[in-house]
Amino acid sequence: MTPSTKFTLIYKFPGIRYCRVVSRMKLLQTTLTILVLPPVYYFYLQGQLSQFAAVYCTGVTLFAGFMLYGMSYYLRRIIGMLYVDEDLKTVKVSYMTFWGNRRNILVPINDVKQLSETGDNKGEILRQFARYSDPHILYFTTRYGLVLDREKFAAVFGE
């Protein structure tokens with residue numbers, strides 16, 4: 001694989017922008033709730049805040065942390081774009097990281113499981129991007145995503 005290899009976009013999920021915004025906003029919310037906690041305990045120890053208020057703020061902070069983990073667990077697995085090289089040997093997969101940035105991986109086409117092998121039904125909203133060499137599964141949607149080149153898409157995933 002040379003750096004000058006040309007890739008063709010075969011799939012795009014326009015909603016990945018909104019997923020990125022949600023991911024970043026969740027990070028911001030969690031950070032803000034964590035920053036509020038020390039002053040809350042300071043005021044509680046000074047006797048200016050009730051125990052209920054301190055426990056409530058702690059609960060909100062813990063809930064924000066769990067929600068951040070839960071949402072990012074799923075948002076990090078959504079594929080935004082799929083590219084294929086000219087020789088139909090490599091797929092470039094673009095998905096989101098924990099921080100909401102784009103990450104690209106190169107996967108040989110012979111390592112990608114066909115859609116018939118993943119066990120997904122045609123009517124499902126999320127379809128699996130599974131590989132033989134890696135147990136981690138990414139997801140894409142053909143209902144809300146755009147398949148831009150059906151022939152190359154079928155070459156990667158089968159009919």
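# Notebook: a predicted chain, looked up piece by piece

**Entry 1, T58.** I began with T58, which touches L37 and Y41 when residues up to four places away in sequence are left out; contact here means heavy atoms within 4.5 Å. The model is predicted, so I note that local features need pLDDT of at least 70 and side-chain atom pairs count only at pLDDT 80 or more, while totals for chains, interfaces and linings use all residues. Residues are numbered from 1 along each chain as its sequence is written, and side-chain values use heavy atoms, with hydrogens and water left out. T58 is part of helix α2, residues 51-75. I also looked up T58 against I10: they are 48 residues apart in sequence, and their C-alpha atoms are 46 Å apart in space.

I found four helices and seven strands in the protein chain. Both kinds are DSSP runs numbered from the N terminus: helices are H or I with at least four residues, strands are E with at least two. Along the sequence the pattern reads β-α-α-β-β-β-α-β-β-β-α. The C-alpha trace spans about 70 × 35 × 25 Å along its principal axes. The radius of gyration is 21 Å, whereas a compact globule of 159 residues would have one near 15 Å. That radius is taken over C-alpha atoms, and the globule rule is 2.2 Å times the number of residues to the power 0.38. Of the contacts with a separation of 6 or more, 53% join residues 24 or more positions apart.

I traced an open sheet of five strands in the order β4-β3-β2-β1-β7, with antiparallel pairing. β4 (102-108) and β7 (146-147) are at the edges with a single partner strand each, so one side of each has no neighbour in the sheet. Two strands pair if DSSP finds at least two bridges between them. β1 (residues 7-12) and β2 (residues 79-85) pair over five bridges, in the antiparallel sense. Within that pair, T8 is opposite V84 in β2. Helix α4 (residues 150-157) packs on the sheet and touches β1, β2, β3 (90-96) and β7. The direction of α4 makes about 85 degrees with that of β1; axes are lines fitted to C-alpha atoms, for helices over the stretch in contact, and angles run from 0 to 180 degrees between N-to-C directions.

β3 and β4 pair in the antiparallel sense over seven bridges. T90 has P108 in β4 as its bridge partner. Five residues lie between the two strands of this hairpin, and G100 in the turn has a positive phi of about 90 degrees.

I used relative accessible area: under 20% is buried, over 50% exposed, and in between partly exposed (1.4 Å probe, protein chains only). Buried residues make up 36% of the 159 in the protein chain. R127, in strand β5 (residues 127-129), is buried at 7% relative accessibility. Not counting residues up to four places away in sequence, R127 touches L115, D120, N121, K122, L138, Y139, F140 and T142. C19 is buried at 12%, and C57 is partly exposed at 24%. I found zero disulfides in the structure, a disulfide being a pair of cysteine sulfur atoms within 2.5 Å.
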